[in-house]
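These are my notebook entries on one protein model. I set down what I looked up, entry by entry.

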Amino acid sequence: MTTIGFIGAGKVTQALTKGLLSSGAVTPSRIYASSKTEVSLQKLKVFGVNTCLDNLWTVKNSNITILAVKPLVFPKVLHEIAPAVGPDNVIVSLAAGVTIDSIQQRLPHHAKVVRAMLNTAVQIRDGAISYSTGKNVEDSDQELVHRLFSSVGLTLEAEEKHLDAIVGLSGSAPAYFYLILEALSDAGVRHGLSRDVSTRHASQAMLGAARMVLESGRHPGELKDEVCSPGGVTIDAIYSMEKAGVRAAMMDAVDACIKRNYELARLNQ
């Protein structure tokens, strides 16, 4: 029977716990979570999962242990849990910028390590997850991890060298889209719509556009052109956005995120 452990009780752990439980992939009794403070565990206790202040306890009780702590404290956590990592444990890291090799070097030689990137939409089972596996991970381990993450969103295996780009592209992307949604909602309010109506319309439009891309498999530019009638209102709006540098701003945001990810990686070498 698969048991899931979380080391770290922050927002990512809370989101993933909520998604896993709502999917039925695991039950509360099969989730173990630990953190260094009782306060940080309070939001997990409402789910009925097992909690403790001892990280070794989490590793010993779980088949899959998910490390959801900040990169700057990662080396300390790995040193702490190393004695408890057995040949059957799968260690899944969610830390930005921390490579599989650097994790492997701090754990026993038999350690099975997976590095994954996800976003907070996993809590509503609509996340985007990519992962890479270390040298000791067996096919059955990979299948288990893939099945687990697939229960909370789109899950793709990726080469580790691409995970840094994925952090900037989809890991942090919900924040980009929330900013855009807020701006669209503000525009609606500016023109007389209520905040609720404006936000709902903007959100549904973004959701529908995303589904059109995913379900049709067509290029976003092609779908954009279908909305832009010659001499119409939408092409004027697109012109305004291009003139303001929206496209470049989005690309710069992803670049900035990836750059910071590389900086964190250097700190953990």
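Where is Asn89 found? I located Asn89 in the loop between α4 (74-81) and β5 (90-93).

**Entry 1: basis.** I note that this is a predicted model, in which local features need pLDDT of at least 70, side-chain atom pairs count only at pLDDT 80 or more, and totals for chains, interfaces and linings use all residues. Residues are numbered from 1 along each chain as its sequence is written, and side-chain values use heavy atoms, with hydrogens and water left out.

**Entry 2: overall.** I found 12 helices and eight strands in the protein; helices (H or I, at least four residues) and strands (E, at least two) are DSSP runs numbered from the N terminus. Along the principal axes, the C-alpha atoms fill a box of roughly 65 × 35 × 30 Å. Of the 269 residues, 42% count as buried. Buried means under 20% relative accessible area, exposed over 50%, and partly exposed in between, with a 1.4 Å probe and protein chains only. Among contacts (heavy atoms within 4.5 Å) between residues at least 6 apart in sequence, 64% join residues at least 24 apart.

Entry 3: I returned to Asn89, which is buried, with a relative accessible area of 9%. Leaving aside neighbours within four places in sequence, Asn89 is in contact with Val59, Ser62, Asn63, Thr65, Ala84 and Lys112. The C-alpha atoms of Asn89 and Met1 are separated by 13 Å, although the two are 88 residues apart along the chain. I then looked up Arg115, which lies in strand β6 (residues 112-117). Arg115 is buried, with a relative accessible area of 2%. From Gly97, 18 residues apart along the chain, Arg115 is separated by 10.0 Å between C-alpha atoms.

**Entry 4: helix α1.** Helix α1 (residues 11-23) has 13 residues and reaches 18 Å from its first C-alpha to its last, close to the 18 Å expected at 1.5 Å a residue. The expected span is 1.5 Å times one less than the number of residues. I listed the buried residues of α1 as Thr13, Gln14, Ala15, Leu16, Thr17, Gly19, Leu20 and Leu21. They pack against β1 (4-7), β2 (31-34), α2 (38-45), β4 (64-67) and α6 (139-150). Just after α1, Gly24 takes a positive phi of about 85°.

**Entry 5: helix α8.** The 18 residues of α8 (residues 173-190) should span 26 Å at 1.5 Å a residue, and the end C-alpha atoms are 26 Å apart, which agrees. Which residues of α8 are buried? I recorded Ala173, Pro174, Tyr176, Leu181, Ser185 and Gly188. They cover an arc of only 170° around the axis, so they lie on the same side of α8; the arc is that of the directions from the helix axis to the C-beta atoms. The face turned away from the buried side carries the exposed residues Leu179 and Arg190. The buried residues of α8 pack against α7 (163-171), α9 (195-216) and α12 (246-267). Gly192 follows α8 and has a positive phi, near 100°.

**Entry 6: α7 against α8.** I read a packing angle of about 30° for α7 and α8, with their axes 6 Å apart. That makes α7 roughly parallel to α8. Axes are lines fitted to C-alpha atoms, for helices over the stretch in contact, and angles run from 0 to 180 degrees between N-to-C directions; angles under 35 degrees count as roughly parallel. Gly168, Leu169, Ser170 and Gly171 in α7 meet Ala173, Pro174 and Tyr176 in α8.

Definitions and conventions. Parallel < 35°, antiparallel > 145°, perpendicular 65-115°, else oblique.
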